[in-house]
Amino acid sequence: MPFDLELIRRVYAGLPAKVEAARKLVGRPLTLTEKILYAHTSESPTHAYERGRDYVNFAPDRVAMQDATAQMALLQFMTCGRKHVAVPSTVHCDHLIQAKVGAEQDLTTAIDVNSEVYNFLSSISNKYGIGFWHPGAGIIHQVVLENYAFPGGMMIGTDSHTPNAGGLGMVAIGVGGADAVDVMAGLPWELKMPKVIGVKLTGKLNGWTSPKDVILKVAGITTVKGGTGAIVEYFGEGADAISCTGKGTICNMGAEIGATTSLFAYGPKMAAYLRSTNRTEIADLADGVQQYLRADEEVYQNPENFYDQIIEIDLNTLEPYVNGPYTPDLATPISQMAAAVKEHGWPDKVEVALIGSCTNSSYEDLSRAASIAKNALDKGLKATSDYTITPGSEMVRFTVQRDGFLDTFTSLGGMVLANACGPCIGQWARHIDDPNRKNTIVTSFNRNFAKRNDSFIGTHAFVASPELTTAYAIAGSLSFNPLTDTLKNSKGEDVKLDEPSGFELPPKGFDVDDPGYQAPAEDGSAVEVIVSPSSDRLQLLSSFTAWEGTDLVGMRLLIKAFGKCTTDHISMAGPWLKYRGHLDNISNNMLIGAINAYNMQANTVKNELNGSYDEVPKVARAYKAAGIGTVVVGDENYGEGSSREHAAMEPRHLGVRAIVVKSFARIHETNLKKQGMLALTFVDKADYDKVQEDDQIDILGLVDFKPGVPLTMNLRHADGSTDSIKLNHTYNDQQIAWFKAGGALNVIRAEAHLSA
């Protein structure tokens with residue numbers, strides 16, 4: 001029987017009445033986004049919510065956590081006084097497996113090296129009623145799509161690519177661990193009512209073009225922050241024709257444009273995927289309420305009246321795209337790629353081509369890539385670049401091995417990696433002769449920030465479809481266009497690769513011996529969760545202190561970050577992943593990737609206590625020891641990228657009191673609020689330039705901290721002059737209560753104590 005079938009029955013049983021009530025409340029036809037959101041409010045709404053303005057309390061159906069973020073989330077959850085999670089929840093061990101020599105040995109090594117963490121996650125899951133997916137079971141988002149996602153549902157996940165489940169018509173939102181704690185504790189989850197961007201897809205994908213190219217095109221249109229505060233809803237004949245896992249790819253990478261989430265309407269492609277993954281009962285239930293799992297017909301007829309923004313893409317004429325380097329929104333159609341390589345001086349030689357990841361590791365993805373590999377072998381070609389393949393789950397891996405695709409990849413020269421995130425998140429022991437030289441890699445992943453995949457600053461990472469990435473592995477040249485160009489085979493003949501072909505679903509069905517799932521104990525009261533006091537991987541949490549009740553004065557600038565500052569800059573992944581359960585140890589990576597605007601160097605800032613320059617965490621610890629609060633100043637879209645709440649917890653732990661920036665990425669701003677931090681933005685963005693390295697900083701207006709009322713930042717410069725700067729914020733009454741209490745978790749603990 002499918003997981004959580006009774007829960008899904010309840011959701012569908014209540015859906016028609018809730019949608020009808022919402023339609024009357026709003027007074028017009030509804031988008032799919034609105035139907036799902038209004039159906040998941042924690043209390044029956046009494047008025048229509050204004051998009052982009054009103055905060056709304058929701059009741060998600062489930063929570064999913066990957067192992068790197070689950071550690072901190074569950075360390076917080078175990079302090080909140082609950083004996084069992086309030087909603088179905090799962091943990092997935094996919095982030096801590098380093099890609100080095102191949103699937104089997106890498107997995108064995110990971111289980112040994114990370115045994116303490118895996119044992120902790122297994123035991124705490126067992127105690128609190130959480131489903132546990134063992135290392136090797138697969139990447140969280142693929143496993144969720146295969147087992148838990150359902151049309152019309154709502155979930156949150158402690159990973160920014162949780163929106164992958166939008167491929168099955170689910171509002172699935174990436175959050176920080178503190179948000180997950182709220183929902184697992186049975187509390188409402190708060191979100192500002194999103195705007196809705198409609199993307200109309202006409203025509204049909206053909207030839208070398210794939211679902212990946214849809215989102216690569218959209219990223220080029222919107223930029224990395226164009227979706228901030230919005231849900232992207234795809235519709236049209238082209239949208240309905242895309243496979244379920246293809247829809248998942250598009251929704252997954254919606255995180256790269258800052259979107260709250262993305263989703264598609266229910267239809268035959270989703271029904272076929274549900275039935276193929278042994279969830280026929282859910283498909284039957286969804287068929288019965290199909291009109292409530294799509295936008296109202298009037299919306300599709302006149303979309304300009306119902307969406308805040310409309311983007312139209314003709315799939316008939318859409319080209320394959322290559323995005324990058326260093327940002328996922330630098331979009332280049334394949335026909336212009338050779339010219340772009342010359343224009344920008346990008347290294348033309350493709351040294352590594354990598355397919356898979358949570359974005360593109362489905363059966364369809366791998367079957368289409370395998371068709372290119374087989375065609376190349378048949379025509380006397382082999383890979384000229386290193387080539388890696390990452391299946392998305394054990395079910396996918398088992399099935400593609402049964403059907404011969406893995407043998408095809410290895411015959412071409414490929415290496416099959418473990419069912420895990422691996423190089424996509426920096427868990428890659430890359431072999432390279434000179435880590436400082438410029439080089440090019442192409443991936444079918446989602447992110448390509450500097451150092452993201454291999455930690456090397458010289459690596460130019462480009463993102464493309466698995467099919468195109470496989471072609472690059474064969475050609476070894478970034479200028480190669482498989483639609484028009486030929487290659488020399490082993491006989492010296494000029495040959496051209498055929499167009500990819502594949503299967504949306506396996507013709508012989510999915511198969512697997514052991515999917516890797518551990519059900520929790522029915523009664524976990526006797527289960528013991530052990531965290532060694534001497535562990536350098538795990539650390540029990542202490543409460544952050546409450547606000548002192550006064551304005552914050554006499555603070556120092558820790559760093560003024562220049563340019564792009566993602567969560568990878570604030571709290572790097574890669575080798576630091578091993579400390580995700582130990583707040584003090586991982587805080588030693590705080591902001592070490594951010595560029596200091598005063599010397600344009602990373603991880604070197606001025607310590608005003610002695611006038612020396614030192615590493616950011618060391619300077620922060622020195623100020624904290626001296627009882628001096630600090631401020632971080634940043635640029636646009638600060639905190640874009642991963643959902644990792646460590647990027648908010650580390651500054652909190654090391655004495656940073658406020659983050660003041662031109663603009664925030666959504667998840668990071670929420671994470672800062674949850675940890676009792678001040679997340680503030682310049683009213684006048686030009687005031688960023690007024691902040692000087694030696695400033696003493698005051699933040700005033702906190703005694704009367706209210707929604708919608710700006711605060712003031714006074715800068716006292718070393719020459720005796722001052723600047724008074726206005727700062728905006730988006731705090732509501734509940735979030736101000738988090739700040740005053742020292743963090744949202746302190747509020748949860750207090751409420752649990754009062755109700756005990």
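Buried means under 20% relative accessible area, exposed means over 50%, and partly exposed lies in between, with a 1.4 Å probe and protein chains only. This is a predicted model, in which local features need pLDDT of at least 70, side-chain atom pairs count only at pLDDT 80 or more, and totals for chains, interfaces and linings use all residues. Residues are numbered from 1 along each chain as its sequence is written, and side-chain values use heavy atoms, with hydrogens and water left out.

**Stop 1: glycine 177**

Select glycine 177. With a relative accessibility of 3%, glycine 177 counts as buried. Its place is in helix α7 (residues 177–184); helices (H or I, at least four residues) and strands (E, at least two) are DSSP runs, numbered from the N terminus. Beyond neighbours within four places in sequence, glycine 177 is in contact (heavy atoms within 4.5 Å) with Ala73, Gln76, Thr158 and Glu645.

**Stop 2: the open sheet**

Select the strands β6-β5-β2-β3-β4-β21, which in that order form an open sheet of 6 strands with mixed pairing. Two strands pair if DSSP finds at least two bridges between them. Which strands stand at the edges? They are β6 (171–174) and β21 (517–518); each has a single partner strand, so one side of each is left without a neighbour in the sheet. Strand β5 (residues 154–157) runs parallel to β6 and is joined to it by 4 bridges. Within this pair, isoleucine 156 stands opposite isoleucine 173 in β6.

Helix α6 packs on it, touching β2 (62–66), β3, β4 and β5, and its direction makes about 150° with that of β2. For such angles, axes are lines fitted to C-alpha atoms, for helices over the stretch in contact, and the angles run from 0 to 180 degrees between N-to-C directions. Helix α5 lies across β3 (89–92), β4 (131–133) and β21, at about 155° to β4.

Stay with α6 (residues 140–147): 8 of its 8 residues are buried, so this helix is largely enclosed by the rest of the structure. Among the buried residues of α6 are Ile140, His141 and Glu146.

**Stop 3: the nonpolar cores**

A nonpolar core is a set of buried Ala, Val, Leu, Ile, Met, Phe, Trp, Tyr and Cys residues joined through side-chain atoms within 4.5 Å. Select Leu74, Leu201 and Tyr234, which touch the most other members of the largest nonpolar core, a set of 135 residues. Helix α1 (residues 5–26) supplies the largest share of this core, 9 residues. A second, separate core has 50 residues, including Ala594, Ile659, Val661 and Leu727.

**Stop 4: aromatic pairs**

Rings of Phe, Tyr and Trp (its six-membered ring) pair if their centres lie within 6.5 Å; planes under 30 degrees apart count as stacked, over 60 as edge-to-face and the rest as tilted. The count comes to 21 aromatic pairs. Select phenylalanine 77 and tyrosine 128: their ring centres are 5.2 Å apart and their planes stand at 90°, so the pair is edge-to-face. Phenylalanine 77 is in helix α3 (residues 67–77) and tyrosine 128 in helix α5 (residues 115–128), 51 residues apart. Both phenylalanine 77 and tyrosine 128 are buried.

**Stop 5: the barrel**

Select β22-β25-β26-β27-β30-β29-β28, the order in which 7 strands close into a barrel with mixed pairing. On average, neighbouring strands of this sheet are turned by 40° against each other, direction ignored. Strands β28 (residues 696–700) and β29 (residues 711–716) run antiparallel and are joined by 5 bridges. Here isoleucine 697 stands opposite leucine 715 in β29.

Now pick aspartate 635, in the loop between β25 (630–634) and α22 (646–653). Is aspartate 635 buried or exposed? At 12% relative accessibility, it counts as buried. A polar atom of the aspartate 635 side chain lies 3.3 Å from the backbone nitrogen of glycine 563.

**Stop 6: an exposed residue**

Finish at arginine 53, in the loop between α2 (32–38) and β1 (55–58). Arginine 53 is exposed, with a relative accessible area of 59%. Not counting residues up to four places away in sequence, arginine 53 touches Lys192 and Met193.

Note on methods:
A polar contact is a pair of N or O atoms within 3.5 Å; within protein, one must be able to donate a hydrogen and the other to accept it, and residues adjacent in sequence count only if both atoms are side-chain atoms.
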